[in-house]
Every structure is written in C-alpha cells, then in structure tokens.
Amino acid sequence: APVTGGACGAFQAFSLFVKAKEVPAAARCPAGGEGVRWRCCRLTFEELSGIHRHVALQHAGDIGQQAGLTEAGQQAGLTAKQAAAEVSPLSVPAPAGNADGLNGHSRGSPEISCTLPDTSHVSYDDLTSKVGEVLLYYCYCEVKDPEKLCAWQKALCQHLHLTGKVRVASEGINGTVGGSKVATNLYIEVMLSQPLFKDILCQEDFKSSAGGAHCFPDLRVGVFKEIVPMGIDPKIVSYKETGIHLSPQEFHREVEQYLSQASQGQSDTILLDCRNFYESKIGHFQGCLAPDIRKFSYFPSYVDENLELFKDKRVLMYCTGGIRCERGSAYLRSKAVCREVYQLKGGIHKYLEEFPDGFYRGKLFVFDDRYAICSNEDIISACRYCGTLWDQYKLCSSQHCRQLVLTCPSCHNKGLTACCSVCQEKELKVTSRASGQTLKEECECTRRRPRVPIEHVSQKTLDAGK
C-alpha cells in the first residue's frame with residue numbers, strides 16, 4: 001500500500017526527533033567508545049534500537065505535536081507503537097501502568113533495564129573528583145539473567161568512573177563502590193529506577209561513608225552462586241527464611257535491655273557478631289559473642305559445632321551492612337534450636353548513623369583500602385608486638401601472606417611488620433628467591449587458629465554479658 005502523507009510526516013517526525021538526540025563526538029565522555037550515541041531524559045543509549053524504543057514509548061505525544069495535523073498526529077502514535085514492537089525490549093522500562101511494558105511481566109521476574117545515566121550536564125572533573133564517598137548495599141531478589149545484570153553493572157560503573165566490587169547471582173546483587181559524590185548519586189538514582197529492584201531496593205538501603213574511587217584498586221564485577229559467600233546453596237538455605245529485622249532504634253533498645261539483664265545474671269539473650277575475627281577485633285558491640293572465625297563460609301560450621309550454646313536463646317545478630325545476617329540468621333533458624341532470632345537492619349553502618357556513641361565501641365572494619373571507619377574515639381585493640389593500644393591495620397609485609405596485622409608506628413619502625421615470627425622469617429627468604437615465586441600461606445597465625453572454634457562459655461559468663 002502506498003504511504004500516505006500523514007504517515008510520511010509521522011515517520012519523518014519520528015526520525016527527526018531521534019536525530020536530534022544524537023551526541024556529537026566532541027561531547028562524549030573520554031571513556032566512551034566509537035560510534036553514534038544518543039541522550040534523552042538523562043539516559044544514554046548505545047544502540048539505535050534502544051533510543052527507538054525509548055522515543056516510541058515515552059515521546060509519542062511529542063512526535064504527534066511535531067507532525068502537526070490531527071491525522072498525522074494519530075499516525076505518529078501508530079508509528080511509535082510500530083517502532084516499539086520492532087525494537088528489542090532491553091533498553092528502557094515502560095511507564096508505570098503500561099500493560100505493554102515491563103510491568104506486564106510477572107512481578108517476580110521483570111526485565112533488566114540496560115540504560116546508562118545521562119552525564120552530559122556533568123563536567124568530567126566533577127564526575128571523577130577524588131572527594132567522594134563509598135557506597136555499600138545489597139538487594140535480594142530473583143535474577144533470571146545474572147550475566148546480563150553483570151554486564152550492565154560493569155558498563156554502569158565504568159560509565160560513572162566508579163571502582164569497587166559487585167557480586168551478582170540468581171539471588172540478587174551485593175556491591176560496594178567508590179567514586180565522586182556526583183557519580184554515586186547518579187548510581188543510586190539509576191539503581192532505584194531499575195525495574196528488577198522496584199519495590200525492593202530503596203534509598204535507605206545504601207550505606208555511605210567518606211571516601212572515593214581511590215579506596216579500591218580497580219573495578220571487579222562478576223557472577224557468583226551467592227552474593228555473600230556462606231558456602232551453602234541458596235536453594236537450601238534461602239534469604240526468604242531470615243530472622244526478624246530490627247531498626248537501629250529497636251536494636252539499641254534490645255541491647256540496652258540485654259546489658260541491663262546480663263549485669264543482674266538474668267539474661268536469656270546472646271548478642272552475636274557474625275563477622276570475621278579481624279573485624280570484631282577492632283570494634284564490636286559491648287557484651288557480644290564474637291566467633292574467632294576467619295571467613296563467613298565457616299559460620300555454618302561454627303553454628304553446627306555450638307548448637308547447645310544457642311538452645312532456647314534469643315539471638316540478636318549483627319554484621320557490617322546486614323547482608324551476612326540475612327543468610328546467617330536463616331541458617332541459624334533452620335537448626336530450630338533458638339527461641340527467637342533477630343538481626344540489625346542495615347547493620348553496624350546504619351546503627352552508627354543514629355548512635356555514633358552508642359553500644360558499639362571502636363572502629364568499623366570495611367573491605368577496602370581504608371580498612372576501617374570510625375564514629376567514636378575508642379580504641380579497643382592493641383599492637384601485636386608491644387601491646388600499645390592500636391587499631392590501624394596493614395597487610396603483613398611477607399609476600400606470601402594476606403593476613404592483616406596491627407603494628408604500632410614504633411614497632412613498625414623497628415621492622416616488625418609481619419603478622420607473626422614465621423612470616424617475618426619467610427619474608428627474608430622470599431626476597432632472595434626468583435621474582436614472582438610465592439609460598440603457600442602457612443604462617444603461625446593460620447596454624448594456631450582452629451578453623452571452627454568450639455565455645456567454652458559458661459552460663460555465668462553469658463549472664464554477665466561478657
């Protein structure tokens with residue numbers, strides 16, 4: 001059939017609208033690739049199909065107005081629908097309530113939006129400023145295509161010049177990224193608009209602290225079986241069976257009551273730190289039980305070996321940002337020995353925002369080059385060599401070892417920079433070997449620590465809150 005004048009005008013209006021959204025080569029971000037790109041509604045599109053679908057779904061009315069006549073305007077709407085049907089549904093989510101858009105999919109498995117934020121209004125210097133912050137977040141949800149989510153996350157972080165670590169799995173996403181304030185704000189904005197996280201992830205789920213891209217050596221984004229490595233199949237122990245979440249205010253009241261009752265020998269509660277030993281060593285809640293474990297993947301075995309300890313107890317769990325408690329509390333509940341299991345929502349991070357001088361004392365360990373952030377002046381740990389109060393970690397100086405060591409400036413200046421005497425001796429041997437050759441980690445610190453400690457805690461000690 002011949003193309004009518006109205007249809008011709010509509011197609012021309014559509015083409016002109018898309019053409020107007022092209023980004024000149026000189027205006028592109030220095031990190032961008034070759035080829036044409038488009039920007040519209042503060043979003044960036046790398047593929048023609050992406051901008052076509054966006055314009056078709058979001059700007060049909062605008063195109064109709066540009067086409068002018070009523071007939072042409074009606075044809076423009078039809079043109080938009082045709083364009084929407086012909087392009088891939090990967091780029092932009094449809095408006096809320098659009099039955100033809102992403103909301104038409106089942107609520108448990110929405111499409112993944114692959115758009116990138118528009119940064120044309122931001123200068124390169126502002127986007128890459130060294131003065132910024134580090135974000136910590138996680139979101140448990142069903143991810144049908146982890147590889148696609150991973151690819152989008154990598155592109156998003158690179159686009160915003162963010163560094164850090166992001167773990168993607170079929171059970172959700174877990175990330176900590178650093179960059180300028182402008183970049184992290186854009187990152188949060190895009191994450192909250194992602195259909196996959198709709199009605200699950202919210203603004204308060206992002207924990208922030210002073211830092212920037214310099215806090216991480218690079219960007220690492222990958223697909224894993226678990227978003228936090230507990231070593232248990234998520235299908236066997238699911239985040240859906242988690243403990244009861246307590247807000248920082250509720251948790252504060254619970255800890256206050258626990259410490260009061262414990263001082264009178266009447267407590268039936270265990271305040272459980274489910275982090276690693278080197279984390280709780282420099283900061284923890286008063287009266288907590290802090291397992292001497294080196295990895296979170298040891299936590300299930302720790303629970304199994306100490307079931308009697310938790311029998312008929314109320315357990316208050318906490319960790320850095322809350323994610324380890326999600327799976328950890330689910331595992332503890334699966335043993336059916338505790339009376340109740342609670343967890344601190346948002347972790348220590350959120351607690352310290354509201355109670356910087358509360359029941360948590362010392363530093364908060366973080367998994368980046370800062371090692372720790374502080375909210376109070378307490379130092380609760382000591383130098384490994386002389387016993388002076390000290391809480392600033394450094395990596396063991398021995399090349400084969402990745403342990404953290406607390407060594408004060410005085411001892412450091414004396415050359416005491418390894419985590420133990422074995423490492424100190426091996427460091428001398430390694431430096432005399434061929435470049436690139438490494439030794440297996442088997443230092444004194446590792447050898448003397450049981451993989452899964454069995455607690456010998458008396459009821460009297462628990463009642464005293466120690």
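Welcome! The protein chain's secondary structure comes to 17 helices and 18 strands, where helices (H or I, at least four residues) and strands (E, at least two) are DSSP runs numbered from the N terminus. The model is a predicted one, in which local features need pLDDT of at least 70 and side-chain atom pairs count only at pLDDT 80 or more, while totals for chains, interfaces and linings use all residues. Residues are numbered from 1 along each chain as its sequence is written, and side-chain values use heavy atoms, with hydrogens and water left out.

**The whole chain.** Show everything for a moment. Of the 466 residues, 50% count as buried (under 20% relative accessible area; exposed is over 50%, partly exposed in between; 1.4 Å probe, protein chains only).

**Stop 1: two helices.** Select residues 146-159, helix α6, and residues 181-193, helix α7. How do they cross? Their axes come within 11 Å and cross at roughly 155 degrees; axes are lines fitted to C-alpha atoms, for helices over the stretch in contact, with angles from 0 to 180 degrees between N-to-C directions. Therefore α6 and α7 are roughly antiparallel to each other, a label for angles over 145 degrees. Now show side chains: the contact (heavy atoms within 4.5 Å) is made by Trp-152, Gln-153, Leu-156 and Cys-157 of α6 with Tyr-187, Val-190 and Met-191 of α7.

**Stop 2: aromatic rings.** Rings of Phe, Tyr and Trp (its six-membered ring) pair if their centres lie within 6.5 Å; planes under 30 degrees apart count as stacked, over 60 as edge-to-face and the rest as tilted. By this rule there are 17 aromatic pairs. Select Phe-251 and Tyr-318, an edge-to-face pair at 6.5 Å centre to centre, with 75 degrees between the planes. This pair links distant parts of the chain, 67 residues apart: Phe-251 is in helix α8 (residues 248-263) and Tyr-318 in strand β12 (residues 314-318). Both Phe-251 and Tyr-318 are buried.

**Stop 3: a charge over a ring.** Select Arg-167 and Phe-224. Arg-167 lies over the face of Phe-224, 3.9 Å from the ring centre; the rule asks for NZ of Lys or CZ of Arg within 6 Å of the centre and within 35 degrees of the ring normal.

**Stop 4: a loop residue.** Finish at Ala-382, in the loop between β16 (372-373) and β17 (393-395). Is Ala-382 buried or partly exposed? Ala-382 counts as partly exposed because its relative accessibility is 30%. Select Ile-282 too: Ala-382 and Ile-282 are 100 residues apart in sequence, yet 8.7 Å apart in space, C-alpha to C-alpha.

Key: Parallel < 35°, antiparallel > 145°, perpendicular 65-115°, else oblique.
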